[in-house]
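Work through the exercises below with the sequence and the model at hand. Each task is followed by its solution.

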Amino acid sequence: MPQFNPKNIFKPSKAAFSLKFAMSIGLLQLTGCAATTATGEQPDVYAPEYFYGTKEAFAKEAIYFIMTDRFVDGDPSNNYPDQGGDYPTFNIRLEGPDGKHANVGYMGGDFQGIINNIDYLKELGMTSVWLTPVVDNPDQAFAGGEEIYYGGAFKDGNKTGYHGYWASNFYKEDEHLVSNNLNYKNLTASLSDNGIKVILDVVANHGSPSFSMPIDQPKFGEIYDAQGNLVADHQNLAPEALDPNNSLHDFFRKTPDIMQLSNLDDTAPEVIDYLVDSYLHWIEQGAAAFRIDTIKHVPHRFWKIMADRIRAEHPDFFMFAESYDYNANFIAQHTLPKNGQISVLDFPGQKALTTVFENPESDFAELADYLHLTHGPYHNVYDLTTFYDNHDMRRMNANDAGFINAHNWLFTTRGIPVIYQGSEFAYMKGTAEHEGNRNYIGQERLDQGREHIIFKHLAQIAQVRKVTPALQSGLQVNQKLAGDQAVFFRVLQTAQTQQIALVLLNKADVPHDFSIAEMLQPGLWQEQLSGTTKSIADTLDTTVSANGVQVWVLNEVVANPALLDALRHAMAYK
């Protein structure tokens, strides 16, 4: 496998083009008559034609998704193994057939475990971490609802809030995550010092399980403010039994939504203020972006209010959301400015990726439609976060080559790639939530993962994306998606950067010869993984290894007429 060396990357060209040449390819925009400066030099009043997929700064990120409790236990002192009394919270194992198991208790992962693995994240090429919610959750297992079992779903009985999504105080960190001298603010600062941003997972739809308990358990159905005062309490009552004359019930809707979870009333001004102020609090503690849980369960009106208030204090703050639906036209509604302009996880893309990369006999053509490169429903499709699995679904069930090919695609195509912890070594592949999807990883397994072939290949293509602006935010123009081969351009052209990237993918288990002439511009191209350079007059002839990728880069203004036409179309209709 060729070794990637970032020192081999060509810097974007700053060479000046003659007026005659620039006019001949239609790149210049006349901004006024040139006047001579005091030094006798004529200022540059021309600029290249702009081509870009997005101006979103977060597009350059590569996101590693961490379910904190199930990552690494860096501080055993915050495990609280005896917590919960009659309803213990630690290590609640669900036994399955043939020694298989899952777990719905706390397992010890914490902020210190993340700090201990900063070098791991950097080696993998990740630049941001998305953490499951860090807020305080109840201190017992839930005694109500239907009891969960191995392989079960949509049942919360005997589960704990190890995942962080059962908030009782939206302003307070959970005690299982923090250590002495290591709170959320310390965590974000340490990661930032190492070039890693932290994405906060936020919830507006619900609090904790709130009714059907044999007895009213502490914190369940309760919500506390930043000072620790009780501001809402479901009091173990079913939603329809809530009293409109009881101020402690004002935070909740009187209809159920997701199992026994409290259904927050997003129309109530006090709820809006409580939630938005809590989000602002965590930005002050270092959150660089938000991932929003269950966005489709809350009306657009709330998200517009929330987004406007957040961005009034933090302009251009990036947010992406889970709208768990495979209909692009539906999830795209969240991205529209009138609805808050919140990006989304690309669920239609997730379905397409697993369909293709779980099946070695699949066709790259099956991936074309979900891209929506032109005439699509999204406000900007290039801002979507792209992924193939996460904690709420079955992990991708591919062989090693399938994971490698998925990563080669994910890190070169449009969108912001997201990798779920453990996928870099195919951890628990093919398992659903209560079948092992969320099983604890731990330091030993993570250290062993560094040697996995999937990890090594992912680290290389992630590092290439990290130093190649066209792969981060450039327009995508497909030339060929057929069989086991894919050929496409990513182009970023601004006043600061002029870069053309040609991506060649081969998901076959044998090498493949490529001969590329269409839309190819003459010049000195460099392949980013190997560092190979070629002076190309009209055709690029190269061989891509089995399950391989090549990224050829030319740092020049676009001059090829066919590529120009394709880019102008893509720019106009993206």
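**Exercise 1.** Which residues of α8 are buried?

Solution. The model is predicted, so local features need pLDDT of at least 70 and side-chain atom pairs count only at pLDDT 80 or more, while totals for chains, interfaces and linings use all residues. Residues are numbered from 1 along each chain as its sequence is written, and side-chain values use heavy atoms, with hydrogens and water left out.

Step 1. Take buried as under 20% relative accessible area (1.4 Å probe, protein chains only). Helices are DSSP runs of H or I with at least four residues, and strands are runs of E with at least two, numbered from the N terminus.

Step 2. The buried residues of α8 are Phe-347, Pro-348, Gly-349, Gln-350, Ala-352, Leu-353, Thr-354, Val-356 and Phe-357.

Step 3. Helix α8 spans residues 347-357, and nine of its 11 residues are buried, so the helix is largely enclosed by the rest of the structure.

**Exercise 2.** Find what covers the buried residues of α8.

Solution. Among the covering elements are α7 (328-331), α9 (368-371) and α10 (400-410).

**Exercise 3.** At the start of α8, which backbone nitrogen does a side-chain oxygen of Asp-346 reach?

Solution. That oxygen of Asp-346 comes to within 2.9 Å of the backbone nitrogen of Gly-349.

**Exercise 4.** Describe the protein chain as a whole.

Solution. Step 1. The secondary structure of the chain comprises 14 helices and 24 strands.

Step 2. The C-alpha trace spans about 80 × 60 × 45 Å along its principal axes.

Step 3. Of the 574 residues, 57% count as buried.

Notes. Buried < 20%, exposed > 50% of the residue type's maximum accessible area, 1.4 Å probe, protein only. Contact = heavy atoms within 4.5 Å. Polar contact = N/O pair within 3.5 Å; in protein donor to acceptor, adjacent residues only side chain to side chain.
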